[in-house]
Amino acid sequence: MTDQDASRSQNIKYPHWQREFEAALLEGDPQTLRQRVDAAETAIFLRSQALVGNAQGHAERQAISDAIGTLRAIQKEKLGYPDWNK
Amino acid sequence: MAKKCVAKKRVLLVDDNSAVRSLVRQLFELEPDYEIAGEAENGQDAVEKAENLKPDLIILDLSMPVMTGLDAAPLLRKLLPDTRIILFTVQQGSEIERLARAAGIHAVVPKDQAASNLILQAQVLLASVKQEHRPAKLRNAS
């Protein structure tokens, strides 16, 4: 693990999905980007399910909502997904 | 005594994320009244497969490559007017509800709600199909 990786790990606030999300953000290879985005989406979906009924999860839900917006922008701008909100 | 044979409701899963499709498949496979008729990975794939599979219910993602759920829904409705469509999406809000309704989608279930809501919504929608197909005399009596 590099110093940079170690420093990043310490900043992980939401371990159930944040690593996958950051991996998608940092992915430079277009071939791998789709897999990274899918992995982040899956992790977020599973975490969202786990947060159902959890009254303490407000900040994380907001972070998830922001992450979803970012993933959508990546899908549109880098992966060529059509815009559903035309 | 003869067992009453009830046809299982056929479901088409449409999502570009294979892991999400797999999770939703597992959810429906736990229910005795449903069977997964097929899977599609984008809206265009869904339209092509729906024509042959003739599902009772389509679980449709919103954001997908090639063709979005909102673009696929009107084509699916035209092809299979009796089939119920649920938009299963991470996006939420009144704007999504409005766009979904305009596209002919019957219900929107957010992906951050309990997964059991998806099954519940499916039951409600498919019960409404049954109701529509009852003779008018019986419908009015109930």
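**View 1. Contact between chain A and chain B in the predicted model.** In this predicted model, 15 residues of chain A are in contact with 16 residues of chain B. On the side of chain A that touches chain B, the elements giving two or more residues are H3 and helix H4 (58-77) of chain A. H3(A) gives the most, with 6 residues. By class, this side of chain A divides into 7 nonpolar, 5 polar and 3 charged residues.

**View 2. Crossing of helices H2 and H3 of chain A.** The axes of helix H2 (residues 18-26) and helix H3 (residues 30-51) of chain A come within 8 Å and cross at roughly 155 degrees. Because angles over 145 degrees count as roughly antiparallel, H2(A) is roughly antiparallel to H3(A). The crossing in which H2(A) passes H3(A) is left-handed.

**View 3. Residues in the contact of H2(A) with H3(A).** H2(A) contributes A:Glu20, A:Phe21, A:Ala23 and A:Ala24. From H3(A) come A:Arg36, A:Val37, A:Ala39, A:Ala40 and A:Ala43. Sorted by class, the contact has 7 nonpolar and 2 charged residues, and no polar residues.

**View 4. Paired strands S1 and S2 of chain B.** Strand S1 (residues 9-14) and strand S2 (residues 34-40) of chain B pair over 6 bridges in the parallel sense. Opposite B:Val14 stands B:Ala40 in S2(B). Between S1(B) and S2(B), the chain crosses through helix H1 (residues 18-29) of chain B. This β-α-β crossover is right-handed.

Conventions:
Residues are numbered from 1 along each chain as its sequence is written. Chains are lettered from A and ligands numbered from 1 in the order in which they are written. This is a predicted model: local features need pLDDT of at least 70, side-chain atom pairs count only at pLDDT 80 or more; totals for chains, interfaces and linings use all residues. Axes are lines fitted to C-alpha atoms, for helices over the stretch in contact, and angles run from 0 to 180 degrees between N-to-C directions. Helices (H or I, at least four residues) and strands (E, at least two) are DSSP runs, numbered from the N terminus. Angles under 35 degrees count as roughly parallel, over 145 as roughly antiparallel, 65 to 115 as roughly perpendicular and the rest as oblique. A crossing is left-handed if the near helix is turned anticlockwise from the far one by less than a right angle, and right-handed if clockwise. Two residues are in contact if their C-beta atoms, placed from the backbone, lie within 7 Å. Ala, Val, Leu, Ile, Met, Phe, Trp, Tyr, Cys and Pro count as nonpolar, Asp, Glu, Lys and Arg as charged, and the others, Gly among them, as polar. Two strands pair if DSSP finds at least two bridges between them. A crossover is right-handed if, with the strands pointing away from the viewer, the path from the first strand over the helix to the second runs clockwise.
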